[in-house]
Amino acid sequence: MIDVAYPYFDTNLSWLSNNYRLLLEANDETVPVRERLRFLGIYAYQTKEFFRVRIPNLLAMGEVSNDIRSKLNLFPESLLDHVYETVENQLREFNDILITGILPAMQEQGLHLYYREAFAEEHLMFLRKFFVDKLFRHLQPVFLESRRSSKLSFFQSHQIYLVVRLQRKEDSEEDWYAVVNVPSEPFGRFIELPEYEGKKHVAFIEDVIRENLPLLFPGYEILESYALRVERDTALAIEDEYPMPIAQRILKQLEKRSFVQPSQYFYESGMPLYMREYLVSKVAIPLNEFHERGHYVYMQDLARFPSFSRRFEYPYQKAIQNPSLDESTSVFEAIQKTDQLLHLPYHSYEPIVRFFNEAAVDPHVREIHVSLYKISPNSFILNSLISAARNGKRVTTYVELNTKLDIQENLQWSKKMRDAGVKIMLSVPGLKVHAKMALVKRKVQKGWERYAFLGTGGFYRLTSREIIDHALLTSHRELTNELELLFGYLSTQDEPKKYQYLPFNSLLVTQFTLQKKLLKLIDREIANCNAGLKSFITIKINQLQDHILIDKLYQAGQAGVPVHVIISESCGVISGLPSISDNILVSRHVDRYIENTRIFHFGNRGNDELFLSSCDWTHRNLHRRIDICFPILDEDLKNQMRLVLRNYVNDNQKSVRLDLYQNNLRIPDDSRVKVRAQEANYRLVEKFEKNAGLRKGE
């Protein structure tokens with residue numbers, strides 16, 4: 001039953017609903033087999049993240065007082081039961097899709113993945129040689145009976161282990177236990193074996209180790225082995241999820257009750273209870289921190305399954321060139337003439353590389369400010385910023401330390417930047433810079449010129465060609481002036497409330513103007529609808545959980561404003577609630593590329609306004625981070641975005657409708673023209689640039 005007095009879908013269940021949408025894609029026989037494996041890998045990653053991010057919060061909320069839980073309409077005990085049951089059901093379906101659907105389809109196409117089965121005689125010699133010559137040196141077998149090791153919880157986070165039960169051959173009375181690490185480097189998770197019977201063959205690396213355990217433990221009989229993986233970096237994000245007064249009360253109560261964030265141990269199905277109890281006694285793992293998985297743990301590695309042939313993958317899409325930028329001698333001159341909008345990954349990302357490379361060597365450039373959010377050591381932008389600093393430019397970066405890198409890697413890339421003279425501003429609590437933006441200042445004879453990069457996604461995986469994003473390159477005076485104002489504020493690292501009256505008008509900034517502006521835009525659509533004028537609201541976003549904005553969308557729907565929410569992750573809006581959300585349609589879109597764009601489109605009496613953003617509508621993004629939202633002002637570019645968004649609205653191939661309970665409902669085939677948004681938008685971008693080239697040729 002849905003509580004109409006509290007009409008918000010639970011974040012945890014919405015996350016799991018989105019996970020199930022990934023399983024639907026993995027189960028789609030029209031999707032190439034390697035891509036189906038990739039969707040299973042993405043599902044496994046999202047489930048792992050769910051346990052890392054959401055489960056600790058639910059366990060913590062079970063420790064707080066009833067008055068707080070009632071105020072939040074949260075009942076963690078029953079919700080946890082529902083969550084665990086849902087995950088268990090999904091994992092069963094995951095295994096069924098893989099075993100009865102994908103693996104046979106791979107076999108038919110000449111590709112065999114050994115999956116809990118004996119190796120063919122023809123592969124045993126190769127496996128033994130690979131183990132002895134390459135793998136052996138990376139293994140660290142440890143007996144748990146050792147008094148020294150029994151006092152240590154030595155399981156490292158993000159590492160797979162084999163827990164082995166064995167007996168000495170001369171003494172079969174006593175069982176021994178040992179642990180063997182499964183190295184992730186340098187071989188990866190999957191080992192390619194010699195072709196046999198006209199097929200390519202692949203094995204999990206832990207199965208290669210299992211096969212050769214007698215070589216690792218001479219003098220012992222191997223009785224059984226099971227995989228185990230630990231996650232210790234669980235995230236308790238109370239302040240990111242709830243308003244500060246409530247969050248402080250929760251944290252105070254958790255401190256009084258000495259709440260400790262749990263570690264999570266994921267074990268291979270079939271691991272007997274006596275083995276888990278042994279681990280409890282020897283290495284201090286609480287039994288309630290064990291979570292069963294399928295025949296293999298950490299299946300997110302399926303997303304990196306080896307590539308053997310293009311026929312196992314989506315057809316290749318060549319990156320589309322942008323003539324206005326590619327054929328110009330200077331990126332800055334092209335931006336000065338007109339705003340440039342890149343639709344990634346359809347467009348080539350080279351213009352963005354040129355933007356920073358040119359800034360690094362242009363003698364007129366004096367300053368570069370950039371929000372990197374997260375960065376990897378091989379990011380293309382690092383070299384440009386280092387070059388710019390060495391060329392005498394003033395370079396300031398705003399960075400969050402990348403938790404996916406170890407401390408040493410973070411230190412290495414930050415040291416290189418600092419040694420070159422780059423100023424690094426690290427995120428502080430409550431002021432994490434999530435906005436994807438950069439500002440280049442040039443001093444020319446007529447004065448200062450400013451050029452901006454404003455994106456829906458960051459630089460971290462920009463070159464991967466896996467993610468849908470939009471990037472605006474502009475010299476628009478109001479936008480660039482306000483962006484400089486924002487960077488100036490960020491350099492103070494003060495709380496936003498000290499600068500409440502900064503004049504952000506064109507650029508909408510969280511913790512300053514964004515939420516207020518969105519409420520006004522929705523109110524305007526309500527007023528237009530009441531006056532019989534054209535009105536609509538279309539929102540494409542990753543997460544929508546903020547209750548204030550959800551309530552305003554409900555008001556719009558009740559007034560008769562057509563509201564369409566296109567979601568790619570969790571959504572608190574309940575569509576189709578009688579008298580509350582009759583006019584609100586919620587759809588979810590999953591296809592070959594990961595959706596990351598935030599687009600907000602408002603009808604405005606026919607004089608529509610369209611915004612791009614890096615901001616989701618969540619408490620964390622709106623109140624704990626610095627995010628931006630920016631208008632598309634150029635009419636040609638606005639029309640491009642209208643067409644892009646229209647394809648998502650009309651998609652009847654890869655979109656599903658969400659009902660009252662966020663079930664993913666396929667759109668029925670009513671013989672309409674088939675629309676697949678990502679494919680249609682690729683062709684659309686081709687058309688944009690072809691027409692631009694023709695105009696230039698004239």
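Reader: What makes Phe512 count as buried or exposed in this structure?

Author: Phe512 has a relative accessible area of 8%, and buried means under 20%, exposed over 50% and partly exposed in between, computed with a 1.4 Å probe on protein chains only, so Phe512 is called buried. Tyr489, at 3% relative accessibility, therefore counts as buried by that rule. This is a predicted model, in which local features need pLDDT of at least 70 and side-chain atom pairs count only at pLDDT 80 or more, while totals for chains, interfaces and linings use all residues. Residues are numbered from 1 along each chain as its sequence is written, and side-chain values use heavy atoms, with hydrogens and water left out.

Reader: Why are Tyr489 and Phe512 called an aromatic pair, and which kind is it?

Author: Rings of Phe, Tyr and Trp (its six-membered ring) pair if their centres lie within 6.5 Å, and planes under 30 degrees apart count as stacked, over 60 as edge-to-face and the rest as tilted. The search of the whole structure finds 34 aromatic pairs; in the one formed by Tyr489 and Phe512 the centres are 5.2 Å apart and the planes make an angle of 85°, which gives an edge-to-face pair.

Reader: How do you know that Lys441 lies over the face of Trp448?

Author: A charge sits over a ring if NZ of Lys or CZ of Arg is within 6 Å of the ring centre and within 35 degrees of the ring normal. Lys441 lies over the face of Trp448 at 4.5 Å from the ring centre, and Arg38 lies over the face of Phe39 at 4.9 Å from the ring centre.
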